[in-house]
Amino acid sequence: MIEPEDTTWTAEPHTLAKHNVFVSYLQAWAAIMSQHLTSHGGPPRPLRVVDGFAGPGKYDNEKDGSPVLALKAILDHTLDLRIPITFDFIETRHDRYGSLVECVNELEPRWRANNRIASVRCHNSPCDEVIGAWLDEYDSQQKPFGPAFCFLDQFGYSNVPLRLIKRILSHPMCETFSYLSWSQMNHYLTDKTKWSAITRAFGDEQWRGVFDVPSDQKARFMQLQYKRSLTDGAGARYVWHMAMCNAQEQLSHWLFFCTNNDRGLEEMKKAMLRVDPSGDFRFSDRDDPNQYRLLNSYDEASLENDLSSKFAGQTVAVHDVKMYVLTETPVVKFKETLKQLELRDGITPLNAPPNRRRGTFADESMRLRFKSTNK
């Protein structure tokens, strides 16, 4: 969306959907990282949550902004979080920064009395400068920046350079969830004065190949180019995205999640599926963010066909199946599909653990031989 001129504005349906994904993932991430750091011993360090484009903290239609939602998500968490969290909210516009501080201060009595939150800080500077300075400091001291979850919800496409995402992901246990506007990029593609900003976002000039593809394929081309930039240029092992459309069903922007951990990918897909259970990973302003869509375009039969085709005649571990499902399909769950395949002799376990029940796949090292398909 185009940045509003006023201090606050009305939250549109796609904003509410985006925040649903953000909060759902944040709660899962906090619980998982807290358990991980606690179980692995050593001196625990606080988890870090960064909202790089925090905004005013509230909307005109009485909806909470992402900083307030993030604080409430941890304050109201149903699980015990043994590792505290530090929150950093960054907002460059002075008027919105003032509103942000007011919103955060309203929650101060709650978070100061809660041992789940170590600190809350607001910063009135550009996101790139603030995070860049932190990374300079941590790099100079050879200390880890993470565990960190960075929400980079910019307006447009030019304020989150690829080099920033690369620097964040270079630290262990760090993830990014960022916004990239297709509608604005598309509008400015013919304006050469904007090309340097697009290059800054993508990290190189390979995006210029968009001029050689038909108009109806340009959005898909740019989406794939940006994913390539995130994997090859920024070093993200896993990238997943969600498309957001306006009320006219036209593509507006994408949300891109980057992680180097397969559990993070799994939890983000779950969070996105709560917004769009169809598996399309798409949300339109014509949709109701408080109601699930009933259409399921990718069902168990689709997954069964995919797995049978992908691994036909091969012997692979359960873990290999899991990773294929996570990285190449719209779904997360797959064990019920494996159960049905085994019952129909579509797969044969080769090194099943003693006392294993037929149709169960708890041991991810167990190898499965997939039946060959008849040509």
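Reply:

The chain has 13 helices and 11 strands; helices (H or I, at least four residues) and strands (E, at least two) are DSSP runs, numbered from the N terminus. The model is predicted, so local features need pLDDT of at least 70 and side-chain atom pairs count only at pLDDT 80 or more, while totals for chains, interfaces and linings use all residues. Residues are numbered from 1 along each chain as its sequence is written, and side-chain values use heavy atoms, with hydrogens and water left out.

The overall figures come before the detail. The radius of gyration of the chain is 22 Å, which agrees with the value near 21 Å that a compact globule of 375 residues would have. That radius is taken over C-alpha atoms, and the globule rule is 2.2 Å times the number of residues to the power 0.38. The C-alpha trace spans about 65 × 55 × 45 Å along its principal axes. Of the 375 residues, 51% are buried, where buried means under 20% relative accessible area, exposed over 50%, and partly exposed in between (1.4 Å probe, protein chains only). Contact means heavy atoms within 4.5 Å. Among contacts between residues at least 6 apart in sequence, 70% join residues at least 24 apart.

D128 counts as buried because its relative accessible area is 14%. The side chain of D128 makes polar contacts with two arginine side chains, that of R163 at 2.8 Å and that of R200 at 3.1 Å. A polar contact is a pair of N or O atoms within 3.5 Å; within protein, one must be able to donate a hydrogen and the other to accept it, and residues adjacent in sequence count only if both atoms are side-chain atoms. Setting aside neighbours within four places in sequence, D128 is in contact with P161, R163, L164 and R200.

H171 itself sits in the loop between α6 (162-169) and β5 (174-181). Its relative accessibility is 7%, so H171 counts as buried. Beyond neighbours within four places in sequence, the contacts of H171 are L135, Y138, D139, K143, P144 and F145.

The loop between α5 and β4 contains Q142. Q142 has a phi near 55°, a positive value in a residue other than glycine. Its relative accessible area is 76%, which means that Q142 is exposed. The peptide bond from G146 to P147 is cis, with omega near 5°.

α13 is followed by D345, with phi positive and near 60°. D345 is not a glycine, and its place is the loop between α13 (335-343) and β10 (347-349). With 53% relative accessibility, D345 counts as exposed. In α13, the residues T337, L338, Q340, L341 and E342 are buried. The buried residues of α13 pack against α11 (300-310), α12 (318-328), β10 and β11 (367-370).

Helix α12 has V318, V321, K322, M323, Y324, V325 and L326 as its buried residues. The cover over the buried residues of α12 includes β6 (238-245), α10 (262-275), α11, β9 (315-317), α13 and β11.

G57 is in the loop between β1 (47-51) and α2 (66-75), and at 1% relative accessibility G57 counts as buried. Not counting residues up to four places away in sequence, G57 touches D64, G65, P67, V68, L100 and C103.
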